[in-house]
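Please look over the sequence and the model first.

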Amino acid sequence: MADFVGAVDQGTTSTRFMIFDHSGNEVGRHQLEHEQILPQAGWVEHNPIEIWERTVAVVRTAMQKANLSASDLAAVGITNQRETAVVWDRRTGRPYYNAIVWQDTRTDRIASALDRDGRGDVIRRKAGLPPATYFSGGKIQWILDNVDGVREAAERGDAIFGNTDSWVIWNMTGGTDGGNHLTDVTNASRTMLMNLETLDWDDELLSFFNIPRRMLPEIRPSSDPNTFGTAHSPGPLGGDVPITGDLGDQQAATVGQVCFAQGEAKNTYGTGNFMLLNTGTNLVRSENGLLTTVCYKFGDAAPVYALEGSIAVTGSAVQWLRDQLHIIHEAAESESLAAQVPDNGGVYFVPAFSGLFAPYWRSDARGAIVGLSRFNTSAHIARATLESICYQTRDVVDAMAQDSGVTLDVLKVDGGITQNNLCMQIQADVLGVPVSRPVVAETTALGAAYAAGLAVGFWKNTDELRENWNESQRWQPNWSQEQREQGFGKWKKAVQRTLDWVDVD
């Protein structure tokens, strides 16, 4: 058998291809950013053609750098930014419109209308999600309603939809020459269109958005020996490699963190923050602002569900310091700048650029920096930015404890911001529990590789995957309980200042 498994990680700001050996060690990678298109306030788009070109480039470059050929890969997995919607022409392969990114808020009127007339309660019950701008369903409706000719093309069967996993799979398996129009249960569970119990598209939910069923990809398990297709020549791999894994990025990170037991949780720090708690085969419906979602489905086994706390803006708040405020030149400088001060100097930053996600779900909120005085400097703003990441996580941890009764003993973390030691120390202080980072911090790609490898027998079972997990660093909380609660109380006051800023019909 081949010695390695590959994973395409198509993220919000970049696309990477990573190659892993049987021990879960990284043996190769390449990564490229893509443009963030911001046509107007609240709108966030990507160019799907650019994303596919970046995918081709990172796969080819990573394979060349590792001196590997297609025959060295047992399988390939796909993981992706969830909820980012692409609608394209199956005949030409051309998108009808840019991909509408999960952060985009243009569908706020669609979401609020669903809640006004009771349809929102049906969506919560069937799909496990609140009506929100976050999810794909409203984005598909917006394209159908606002881009000339798309609805007619959809009725003919020419216009098809997918989150970016489906877009990559379709192109990688041939595109206009027989490409497979597929997705997995985790991505489908982020659309407001899939029934969590049947794991199939739901006609009643489709009717709420006036979306033709024939637009939608076929739903498969996350790890599927029957494959999502073959990444074949003349594609980026240059040879026939089975695509046997597909997971939304946060579910992939949960698999990469080997959270296979009920009650295990992980938090991924990326563009946003995403915390998932494995609830086993139990479908736990949140009463505290969390999402009920599919965690993964391996082959014919029963689906495993999760509670999720999704936070829209964490790592992208650090990018904002760099790209809009220009108080740092590189994202890593946020740590050294924030370390210049012992505390936040009374400053709190709530980065509600796209409204507030879990546990608030307020599309009317917008970002605010509060508590400023002339004493404060850019270092206090940098510190407040890191603290905002950690306080938003505390909001989600508290909601999970209320929904599930599970109190965390330790928080497993991954993603780019976990390289910021100060931020992780603040996270431990804010939560009052240890924070643990694994040796392989890029668990999203690793989880997709695990799903693909399990399907072809590269790994025999999840016990083998557990043996691969090793801790790299652990942060212990230093704050007193009084410090912790005082800081969190002021954070809650700051959140209140962001609400009711945008008028939503």
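A search of the whole structure finds 24 aromatic pairs, where rings of Phe, Tyr and Trp (its six-membered ring) pair if their centres lie within 6.5 Å, and planes under 30 degrees apart count as stacked, over 60 as edge-to-face and the rest as tilted. The rings of Tyr348 and Tyr391 have centres 6.1 Å apart and planes at 40°, so this pair is tilted. This is a predicted model, in which local features need pLDDT of at least 70 and side-chain atom pairs count only at pLDDT 80 or more, while totals for chains, interfaces and linings use all residues. Residues are numbered from 1 along each chain as its sequence is written, and side-chain values use heavy atoms, with hydrogens and water left out.

**Aromatic contacts**

- Phe349 and Phe353 form another tilted pair, 6.1 Å centre to centre with 50° between the planes; Phe349 counts as buried because its relative accessibility is 2%, whereas Phe353, at 29%, counts as partly exposed.
- One aromatic cluster is formed by Trp102, Tyr134, Phe135, Phe274, Phe357 and Trp361.

**Charges over rings**

- Arg106 lies over the face of Trp142, at 4.6 Å from the ring centre, the criterion being NZ of Lys or CZ of Arg within 6 Å of the ring centre and within 35 degrees of the ring normal.
- Arg394 lies over the face of Phe488, at 4.0 Å from the ring centre.

**Pockets**

- A pocket is an open set of points on a 1 Å grid over the protein atoms alone, where a 1.4 Å probe fits, with protein on both sides within 12 Å along at least five of seven lines, and lining residues have an atom within 4 Å of a point.
- The largest pocket has a volume of about 1,000 Å³, and of its 48 lining residues the closest to the centre are Tyr269, Gly270, Gly415, Gly416 and Ile417.
- Helix α10 (315-325) supplies the largest share of that lining, five residues.
- The second largest pocket holds about 820 Å³ of space, and its 27 lining residues include Phe353, one of those nearest its centre.

Methods: Buried means under 20% relative accessible area, exposed over 50%, partly exposed in between (1.4 Å probe, protein chains only). Grid points are joined across faces, edges and corners, and a volume is the space filled by probe spheres set on the points. Helices (H or I, at least four residues) and strands (E, at least two) are DSSP runs, numbered from the N terminus.
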